[in-house]
Amino acid sequence: NIGEGKPMSACLFQYIDGVFHFFEEAVIAGARTEDTLEDMAQRGLLQKNARYVLHGDATGRHRDTRSKLSDWQIIINWLDKNKFNGVTMEVPNVNPPVRKRHNIVNGQMKNSLNQRRLFVYSNAKTLDKGFKLTSLKKGGSYIEDDSKPWQHVTTAAGYGICAVIEKKGSVGGTTFERF
């Protein structure tokens, strides 16, 4: 996830037995998409023999005026060029509404049965902070306050969580109604 004047934000997670494990992040102010991929590769976060599923911002499909490619095209081209196999892209055509995304993410943090289905590990400090501090803009509308740098990585995580939940069709064993 990236926004004008906001850090390029990515987080890595695994979904194991119905539980989300967020174990790493890349939150870099002023970075381009390719810079973030290079950073993750240099830190050993990307393994060529691993299987990756890409989730994220649907607006990344649109070409930016600064580039002839979309963010997603840049990512796919970089992964191909660097011989990362086993990459699947599961990005929706439109982003989930904010309220729906917040409800789904909050339900993974603690559901009505008092179960946690989301864990953030120590290497994802910005994400951890964001999950604790993200808020809505002041006023009556349901709009995120994205003025804080941690907001973008929590949004990225939310896109991933929603994509997995939508694909699985359930939340914690309960049938999930698709909107």
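Threonine 155 counts as buried, because its relative accessibility is 5%, where buried means under 20% relative accessible area, exposed means over 50% and partly exposed lies in between (1.4 Å probe, protein chains only). This residue is part of helix H5, which spans residues 151-168; helices (H or I, at least four residues) and strands (E, at least two) are DSSP runs, numbered from the N terminus. The side chain of threonine 155 is joined to that of glutamine 151 by a polar contact of 2.9 Å, a polar contact being a pair of N or O atoms within 3.5 Å, of which, within protein, one must be able to donate a hydrogen and the other to accept it, while residues adjacent in sequence count only if both atoms are side-chain atoms.

The model is predicted, so that local features need pLDDT of at least 70 and side-chain atom pairs count only at pLDDT 80 or more, whereas totals for chains, interfaces and linings use all residues. Residues are numbered from 1 along each chain as its sequence is written, and side-chain values use heavy atoms, with hydrogens and water left out.

Side chains of opposite charge can pair when their charged atoms come close. A search of the whole structure gives six salt bridges, each defined as a side-chain nitrogen of Lys or Arg within 4 Å of a carboxyl oxygen of Asp or Glu. One of them joins glutamate 24 to arginine 43, with the closest N and O atoms 3.3 Å apart. Glutamate 24 belongs to strand E2 (residues 19-28) and arginine 43 to the loop between helix H1 (33-42) and strand E3 (52-54), so this pair ties together parts that are 19 residues apart in sequence. Glutamate 24 is buried at 8% relative accessibility, whereas arginine 43 is partly exposed, with a relative accessible area of 41%. Arginine 43 also meets aspartate 39 in a salt bridge of 3.1 Å, N to O, and aspartate 39 is partly exposed at 23% relative accessibility.

Lysine 100 lies in helix H3 (residues 98-109) and glutamate 166 in helix H5, so the pair ties together parts that are 66 residues apart in sequence. Lysine 100 is buried at 14% relative accessibility, while glutamate 166 is partly exposed, with a relative accessible area of 22%.

Aromatic rings were examined next. Rings of Phe, Tyr and Trp (its six-membered ring) pair if their centres lie within 6.5 Å, and planes under 30 degrees apart count as stacked, over 60 as edge-to-face and the rest as tilted. By this rule, the count comes to six aromatic pairs. The rings of tryptophan 78 and phenylalanine 84 have centres 5.6 Å apart and planes at 25 degrees, so this pair is stacked; both tryptophan 78 and phenylalanine 84 are buried. The charged end of lysine 48 sits over the ring of phenylalanine 84, 5.7 Å from its centre, the criterion being that NZ of Lys or CZ of Arg is within 6 Å of the ring centre and within 35 degrees of the ring normal. Elsewhere, ring pairs link Phe13, Tyr15, Phe20, Phe22 and Phe131 into a cluster.
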